[in-house]
Amino acid sequence: MDYSNYSMLAMVTAAVVYLLAVFAHAAEWASAKNASAPVVRRRRLRDRTLVTTGAGAEAGADPDTGSADTTATTDGPDGPVVNGETDKDRLRTDKFGRIGIALTVVALICNVVGVVFRGLAADRLPWGNMYEFSTTSMIFAVTAYLVAAMRFDMRWLGLPVTMFATIALGLAVTVFYVDIGPLQPSLHSVWFAFHILAATIAGAAFTVGGVASVLYLIRSRAEQRNEVIRGYLAKLPSAEKIDRVAYGLVAFAFPLFTFVICAGAIWAQYAWGRYWGWDPKETWSLVTWVIYACYLHARSTAGWKGKRAAIIALIGMASFWWNFVGINLLVSGLHSYAK
């Protein structure tokens, strides 16, 4: 059985199905064109505390934002119109969203099959080069999105995440692909699995967190400029909630990425006889770590929360993927075997 061909077939299929999921989620966004929602004005922490404890709470107050229920309902020819949408509009939007989720699950299964077959064909862990790392990273990124969508009502991440997965797998099978071969001698270490696995998980969380930061900036801008938010933006959670989601993902990934650097240093000692040598990839990993450390520090500084912190998160995501793609392709170093 030629596992290599089956692996490539599964990867190409996954890329195509991810693209179909992009179309489904794009249709979901477009079908919500009639939706509208008043801007939720944030209250001070003291006021939100009073709301959540019941003291001075308004009827229908949202404990997450501290604002009263502003749902607007009118009568229309097709039935009640809630925040600009009829029941038909909501059902159509939900249908496209569910189709997008279903296609994403199918694509993820194909992605997993492709990685497993690649490992069987190589008779080793399939994490030895850019092609293998990127295809594995998409498994963790899409899985994180699906868990968030199904358990925490975060389907709004579907369009950008599936778009990113489509681009990543498309580049993997066309630009990054290399024939199956044995691992480089320096990769024969127990630290290989720990280092790469932690890097893929951290990269996935950084990526989804970066996507959430983009949506935060868009939603936050809409809240600041308009009295009524229209279109699919009206269906997104508040900017405050999106900001918390992005922060949670980065806070989860940062310790993992710290471990990645530490494990890599120990691995380098066994492979090259030194813990740190300012190799381009090592240096840029440190730069990425510093950027995310600044992000977490900014979150604890009142004047740097929100937009500024989100921009730092996006710079960190760009730095992470530049370290993986740009450094590997454009700069020579001890890690050039990962191309």
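Trainee: Among contacts between residues at least 6 apart in sequence, what percentage join residues at least 24 apart?
Mentor: This is a predicted model. In it, 77% of those contacts join residues at least 24 apart. Here is one such pair. Met130 and Phe324 are 194 residues apart along the chain, and their C-alpha atoms are separated by 7.7 Å.

Trainee: How many helices and strands does the protein have?
Mentor: Nine helices and four strands. Along the sequence they follow the pattern α-β-α-β-β-α-α-α-α-β-α-α-α.

Trainee: Which residues does the UniProt record annotate as "transmembrane region"?
Mentor: Treat a record as a label to check against the model. The unreviewed UniProt entry gives that annotation to residues 6–27, 99–121, 133–150, 157–178, 190–218, 245–270 and 310–331. Take two of these spans. Residues 6–27 are 100% helix and 0% strand, with end C-alpha atoms 31 Å apart. Residues 133–150 are also 100% helix and 0% strand, and there the end C-alpha atoms lie 26 Å apart.

Trainee: Now the interior. What percentage of the residues count as buried?
Mentor: Of 339 residues, 47%. The largest nonpolar core holds 74 residues. Within this core, Tyr18, Trp156, Leu157 and Phe206 touch the most other members. Elements giving two or more residues to the core include helix H1 (3–31), helix H6 (191–225) and helix H9 (307–330). H6 gives the largest share, 13 residues.

Trainee: Which residues does Trp156 touch?
Mentor: Leave out residues up to four places away in sequence. Then Trp156 touches Trp29, Leu215, Tyr232, Leu236, Pro237, Ile242 and Val245.

Trainee: Is Thr200 buried or exposed?
Mentor: Compare its relative accessible area with the cut-off: buried means under 20%. Thr200 has 0%, so it is buried. This residue sits in helix H6. Beyond four places in sequence, Thr200 touches Phe133, Thr136, Ser137 and Phe140. Met130, in helix H4, is buried too, at 1%.

Trainee: And Pro182, buried or exposed?
Mentor: Exposed means over 50%. At 77%, Pro182 counts as exposed. Pro182 lies in the loop between H5 and H6.

Trainee: How many disulfides does the structure hold?
Mentor: A disulfide is a covalent bond between the sulfur atoms of two cysteines. The structure holds zero. Still, read how accessible the cysteines are. Cys110 counts as buried at 17%. Cys262 is partly exposed at 43%.

Methods: Residues numbered from 1 in each chain as written. Predicted model: local features only at pLDDT ≥ 70, side-chain atom pairs only at ≥ 80, totals over all residues. Heavy atoms only, no water. UniProt positions renumbered as here; feature names shortened; annotations may be inferred. Core = buried A, V, L, I, M, F, W, Y, C linked by side-chain atoms within 4.5 Å. Buried < 20%, exposed > 50% of the residue type's maximum accessible area, 1.4 Å probe, protein only. Contact = heavy atoms within 4.5 Å. Disulfide = S-S within 2.5 Å.
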